[in-house]
Amino acid sequence: MALADAPLVKVLVQLRFPTIAAVETNRGIASFQAALSERYPVMRDEQEFEVAIAANAAAPMKLNASVVRRFTNPGDPSWTVSLTPAFVALETSRYTNRADFVGRWREVLTALTEVEPAPRYYNRLGVRYMNRLVGADVNEHLTDFVHDEILGVTVLADQLGESDELVAAVTQANFKVNGVHLVARWGKVPPGG
């Protein structure tokens with residue numbers, strides 16, 4: 001079933017696995033690239049940086065750099081496959097339905113079996129749906145999309161004075177349902193935030 005008028009802006013699925021050094025070489029991912037070449041013919045390498053700052057100010061800052069290989073199609077740039085030594089991901093800004101998304105994800109996982117050596121274990125599987133409501137009247141229609149009990153402090157924005165404004169508010173809730181972890185984040189962020 002296609003989503004009609006959904007405020008969905010991006011859907012992402014990521015599989016994290018123990019590091020596979022072969023992914024850092026072109027030879028190690030040649031079969032992966034070939035398996036995806038019809039749908040995602042363009043591969044670009046991008047640098048990803050991770051900065052770790054210890055709580056103790058005396059501890060040094062740690063910087064890790066790695067290559068992210070992104071596979072896209074110039075004819076349809078709304079879909080991207082990302083591969084690093086520690087994860088593979090599929091993301092889209094043009095999600096229509098679960099069957100299409102899962103079918104494409106299955107293609108990515110099948111291609112992942114072509115990496116030598118292929119991952120034998122995984123650490124985490126995550127799926128993220130990102131919705132965004134925009135516009136000057138978004139607060140007026142927020143309750144059409146979100147239950148009042150979830151809105152939290154954002155419902156107080158209507159009670160502020162004319163010159164006052166709620167600039168940002170983000171809430172996070174962690175759930176464990178039937179052994180599955182769900183992290184939900186929502187709130188109001190300023191433009192560009």
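Predicted model: local features only at pLDDT ≥ 70, side-chain atom pairs only at ≥ 80, totals over all residues.
1. Setting aside residues up to four places away in sequence, Thr 72 touches Tyr 40, Pro 41, Val 42, Arg 44, Trp 79 and Thr 80. Thr 72 belongs to strand β3, which covers residues 62-72. Its relative accessibility is 16%, and Thr 72 therefore counts as buried, the cut-off being under 20%.

2. Next, the helix pair. Helix α1 (residues 26-36) and helix α2 (residues 98-112) have axes that come within 8 Å and cross at roughly 150 degrees. Because angles over 145 degrees count as roughly antiparallel, α1 and α2 are described as roughly antiparallel to each other. The crossing of α1 past α2 is right-handed.

3. Which residues in α1 and α2 meet? From α1 come Phe 32, Ala 35 and Leu 36, and from α2 come Glu 107, Val 108, Ala 111 and Leu 112. By type, the residues of this contact are six nonpolar, no polar and one charged.

4. On to the core. The largest nonpolar core holds 25 residues. Phe 32, Val 81, Leu 83, Val 88, Leu 90 and Leu 112 are those with the most contacts inside it. Two or more residues are given to this core by each of β1 (8-16), α1, β4 (79-83), β5 (87-92) and α2. The largest share, five residues, comes from α2.

5. What is Leu 112 in contact with, once neighbours within four places in sequence are left aside? Its partners are Leu 15, Phe 17, Phe 32, Leu 83, Val 88, Ala 118 and Pro 119.

6. Glu 116 and Pro 117 are joined by a cis peptide bond, with omega about 0 degrees. Pro 117 lies in the loop between α2 and β6 (124-131). As background, most peptide bonds are trans.

7. For context, most residues other than glycine have a negative phi. Where is Asn 178 found? Asn 178 sits in the loop between β7 (169-177) and β8 (180-188). Is Asn 178 buried or exposed? With a relative accessible area of 78%, Asn 178 is exposed, since exposed means over 50%.

Terms used: Residues numbered from 1 in each chain as written. Heavy atoms only, no water. Axes fitted to C-alpha atoms, helices over the stretch in contact; angles between N-to-C directions. Helix = DSSP H or I, 4+ residues; strand = E, 2+ residues; numbered from the N terminus. Parallel < 35°, antiparallel > 145°, perpendicular 65-115°, else oblique. Left-handed = near helix turned anticlockwise from the far one by under 90°. Contact = heavy atoms within 4.5 Å. Nonpolar A, V, L, I, M, F, W, Y, C, P; charged D, E, K, R; others polar. Core = buried A, V, L, I, M, F, W, Y, C linked by side-chain atoms within 4.5 Å. Buried < 20%, exposed > 50% of the residue type's maximum accessible area, 1.4 Å probe, protein only.
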